[in-house]
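Me: I have a protein structure to look at, and I would like to learn how to read its features step by step. Could you take me through it?

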Amino acid sequence: MVKELWISWKDLRIPVEVLYSARKTFGLEVTADLKVRARVPKRASDRQIKEFAEERKVWIVEKYLLQMERAKKKQDRPAADYEKDPKLEKLYREKAREQIEKRAAHFAALMGVDYGRIAIRSQKRRWGSCSGAGNLNFNWKLALMPPEILDYVVVHELAHRKEMNHSPRFWAEVEKILPDYKERRKWLKENGAMV
């Protein structure tokens, strides 16, 4: 079941999509396409949901305005070279495969993990993923990122070979290899959409 509620702040009225599921906790996200979603337990009352959203109003508004700013920057930026010439995407994909395979082998040895196949994909909202079978998927646009950001995504996915979640143990695995992973992660969140 899905319903909607509204958050108001100054002249801004933000719709919040409420998604019910079998979860036990309340969660919020503000997506790049300016959708605000509250994920709530099936048995949550309307009053609980409204209180939850109101308590987090400042966070919602901050993230919403940040995503609006990012969307405007992306809209205002000149078209990337690969958008003008589709042949360039093929070259970037090859470059991504070469770089990622090399870095994955390097970091897997350091971390004491193995992995299956590596696939280079064109994902809209993900930089990488790791399947339960150990196969790794990476976004080809990582080839356009600074090397330390590509390394962060590779290490992040390899850490899933030890922890298939984002628990403190998972982040500890990432931090063992990249003590500055938080700065890299922040850079990717702030700048990734611009690529």
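Me: What covers the buried residues of helix 7?

Reply: A residue is called buried when it has under 20% relative accessible area, exposed when it has over 50%, and partly exposed in between, with a 1.4 Å probe and protein chains only. Helices (H or I, at least four residues) and strands (E, at least two) are DSSP runs, numbered from the N terminus. Here the cover over the buried residues of helix 7 includes helix 5 and helix 6 (168-177), where contact means heavy atoms within 4.5 Å. This is a predicted model, in which local features need pLDDT of at least 70 and side-chain atom pairs count only at pLDDT 80 or more, while totals for chains, interfaces and linings use all residues. Residues are numbered from 1 along each chain as its sequence is written, and side-chain values use heavy atoms, with hydrogens and water left out.

Me: Which residues of helix 7 are buried, and which are exposed on the other side?

Reply: The buried residues of helix 7 are Tyr 181, Arg 184 and Leu 188. Seen down the helix axis, they fall within an arc of 65°, so they line one face of helix 7; the arc is that of the directions from the helix axis to the C-beta atoms. On the other side of helix 7, Lys 182, Glu 183 and Lys 189 are exposed.

Me: How should I read a pocket, and how much space lies in the largest pocket?

Reply: Rolling a probe the size of a water molecule over the atoms shows where empty space is left. On a 1 Å grid over the protein atoms alone, using a 1.4 Å probe, a pocket is an open set of points with protein on both sides within 12 Å along at least five of seven lines, and lining residues have an atom within 4 Å of a point. The largest pocket holds about 1800 Å³ of space, a volume being the space filled by probe spheres set on the points, which are joined across faces, edges and corners. Its lining has 38 residues, and those closest to the centre are Arg 125, Arg 126, Trp 127, Leu 188 and Lys 189. Helix 2 gives the most to this lining, with 7 residues.

Me: What is phi like in Lys 10 and in Leu 34?

Reply: Most residues other than glycine have a negative phi. Lys 10, however, has a positive phi near 50°, and lies in the loop between strand 1 (2-9) and strand 2 (12-21). Leu 34 also has a positive phi, of about 60°, and is found in the loop between strand 3 and strand 4 (36-41).
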